[in-house]
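Hi everyone, thanks for making time this morning. I'd like to walk you through one protein chain, starting with the whole and ending with a couple of residues. Here it is on the screen.

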Amino acid sequence: MVTDPIGDYLTRIRNAVKANHRIVEIPASNIKKEMTKVLHDKGFIQNYKFVADDKQGIIKIALKYNPQTKQSAISKLERISKPGLRKYAGAGELPRVLNGLGIAILSTSKGVISDKEARKDHVGGEVLCYVY
């Protein structure tokens with residue numbers, strides 16, 4: 001049993017990037033699926049696929065690398081809101097990651113969205129992680 005599924009999700013991606021893997025498989029949940037869609041929309045991962053199995057399902061993520069330098073599009077994944085200490089941000093105090101070069105993924109009343117979309121929609125929520 002995993003006590004922090006989002007932390008496990010980020011750690012699996014982080015380990016796959018460090019090992020230069022092309023594809024990583026992660027047990028699925030609704031919030032992980034939404035986070036994967038945000039990462040794909042913002043260009044941090046190449047592609048993803050949701051695979052149904054007998055249990056909860058699997059998310060297959062194709063990681064994105066620069067063809068010349070072999071550098072990953074994801075240089076750092078950082079968990080912000082942890083199960084022991086939740087971090088929330090209102091619409092006025094949303095975080096800026098690397099002056100706008102990175103993104104913060106938030107869980108809001110409008111769903112799981114990036115910080116830029118939350119600023120546009122003028123909503124706040126729980127800051128799940130930073131990606132850059």
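How many helices and how many strands does the protein chain have? There are 3 helices and 8 strands. Please keep in mind as we go that this is a predicted model.

Let's read the order of the elements. Starting at the N terminus, the pattern is α-β-α-β-β-β-β-β-β-α-β.

Now for overall dimensions. The C-alpha trace spans about 40 × 40 × 25 Å along its principal axes. For 132 residues, a compact globule would come out with a radius of gyration near 14 Å, and the protein chain has 15 Å, so the two agree.

The accessible surface of the chain is about 7700 Å², and carbon and sulfur atoms account for 49% of that.

Take the contacts between residues at least 6 apart in sequence: 60% of them join residues at least 24 apart.

And on charges, we have 23 positive and 13 negative ones in the protein chain, with their mean positions 5 Å apart.

Let's zoom in on Thr108, please. Thr108 sits in strand E6, which covers residues 103-108. Is Thr108 buried or exposed? Thr108 has 12% relative accessibility, and because the cut-off for buried is under 20%, Thr108 counts as buried.

Which backbone atoms does its side chain meet? One is the backbone nitrogen of Lys110, which the Thr108 side chain reaches at 3.1 Å. Another is the backbone oxygen of Gly111, 2.8 Å from a polar atom of that side chain. Setting aside neighbours within four places in sequence, Thr108 is also in contact with Ile113, Val123, Gly124 and Gly125.

My second stop is Glu117. Glu117 belongs to helix H3, residues 115-121. Its relative accessibility is 27%, so Glu117 counts as partly exposed, whereas Thr108 counts as buried.

To recap the two stops: Thr108 in strand E6, with its side chain reaching Lys110 and Gly111, and then Glu117 in helix H3.

Definitions and conventions
Residues are numbered from 1 along each chain as its sequence is written. This is a predicted model: local features need pLDDT of at least 70, side-chain atom pairs count only at pLDDT 80 or more; totals for chains, interfaces and linings use all residues. Side-chain values use heavy atoms; hydrogens and water are left out. Helices (H or I, at least four residues) and strands (E, at least two) are DSSP runs, numbered from the N terminus. The radius of gyration is taken over C-alpha atoms; the globule rule is 2.2 Å times the number of residues to the power 0.38. Contact means heavy atoms within 4.5 Å. Accessible areas come from the Shrake-Rupley method with a 1.4 Å probe; for residues, only the protein chains shown count as cover. Lys and Arg count as positive and Asp and Glu as negative; His and the chain ends are not counted. The place of a charge is taken as NZ of Lys, CZ of Arg, CG of Asp or CD of Glu. Buried means under 20% relative accessible area, exposed over 50%, partly exposed in between (1.4 Å probe, protein chains only). A polar contact is a pair of N or O atoms within 3.5 Å; within protein, one must be able to donate a hydrogen and the other to accept it, and residues adjacent in sequence count only if both atoms are side-chain atoms.
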